[in-house]
Amino acid sequence: MKPDRCPTCHRKHKRSNPQNRLYWELLHMMAARPWGGVTYSAETFHKYYASKFLGCVDMTLPNGKTLTIPRSTADLDVAEFGDYFDRVQADAAERGVYLADMEA
């Protein structure tokens, strides 16, 4: 099993490629069906779940306006992304969408 931290710099490892592949597979499955008569892209579901489960941050733009953006999943380590993905899968399951291959 891979250690959870880099042996050189001791930073936590980012999410794994298999985790990321399954996550996007699930988002594409969500995007393949209409929701209330409307279809949404996998990217839209990505933003939806990031804002729902990770929250948002307000960014002040040079023109003084404030833009609210979801926190990035790219900053999550393997364990954090696993927890996040579990929450996404649970929500998808409530909508009747399941991954056939549950290995991450």
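Modeller: Let's start inside: α2 (42-54) and α3 (78-94) are among the elements that cover the buried residues of α1. This is a predicted model, where local features need pLDDT of at least 70 and side-chain atom pairs count only at pLDDT 80 or more, while totals for chains, interfaces and linings use all residues. Residues are numbered from 1 along each chain as its sequence is written, and side-chain values use heavy atoms, with hydrogens and water left out.

Colleague: Happy to start there. Which residues of α1 are buried?

Modeller: They are Q19, L22, Y23, L26, L27, M30 and A31. Buried means under 20% relative accessible area, exposed means over 50%, and partly exposed lies in between, using a 1.4 Å probe and protein chains only.

Colleague: What makes residues 17-31 a helix, and what span does α1 have?

Modeller: Helices are DSSP runs of H or I with at least four residues, strands are runs of E with at least two, and both are numbered from the N terminus. α1 has 15 residues, and its first and last C-alpha atoms are 21 Å apart, close to the expected 21 Å. That expectation is 1.5 Å times one less than the number of residues.

Colleague: And what about α2, how does its span compare with the expected one?

Modeller: α2 has 13 residues and reaches 17 Å, close to the 18 Å expected. Its buried residues are A42, F45, H46, Y49, A50 and F53. Down the axis of α2 these fall within an arc of 135°, so they line one face of the helix; the arc is taken from the directions from the helix axis to the C-beta atoms.

Colleague: What do the buried residues of α2 pack against?

Modeller: They pack against α1, β2 (66-70) and α3.

Colleague: Why is the pair R21 and E25 called a salt bridge?

Modeller: The rule asks for a side-chain nitrogen of Lys or Arg within 4 Å of a carboxyl oxygen of Asp or Glu. R21 and E25 come to 3.3 Å, N to O, so the pair passes that cut-off. In general, side chains of opposite charge can pair when their charged atoms come close. R21 and E25 are 4 residues apart in α1, about one helical turn. R21 has a relative accessible area of 45% and E25 has 30%, so R21 counts as partly exposed and E25 likewise counts as partly exposed.

Colleague: How many salt bridges does the rule give?

Modeller: The count comes to 4. One of them joins K52 and D91 at 3.1 Å, N to O. That pair links distant parts of the chain, with K52 in α2 and D91 in α3, 39 residues apart. R95 also bridges to D91, with the closest N and O atoms 2.9 Å apart.

Colleague: Buried or exposed: what is D91 counted as?

Modeller: D91 has 9% relative accessibility, so it counts as buried. K52, at 41%, is partly exposed, and R95, at 30%, is partly exposed.

Colleague: What is the order of elements overall?

Modeller: There are 3 helices and 2 strands, running α-α-β-β-α from the N terminus. Of the 104 residues, 27% count as buried.

Conventions:
Contact means heavy atoms within 4.5 Å.
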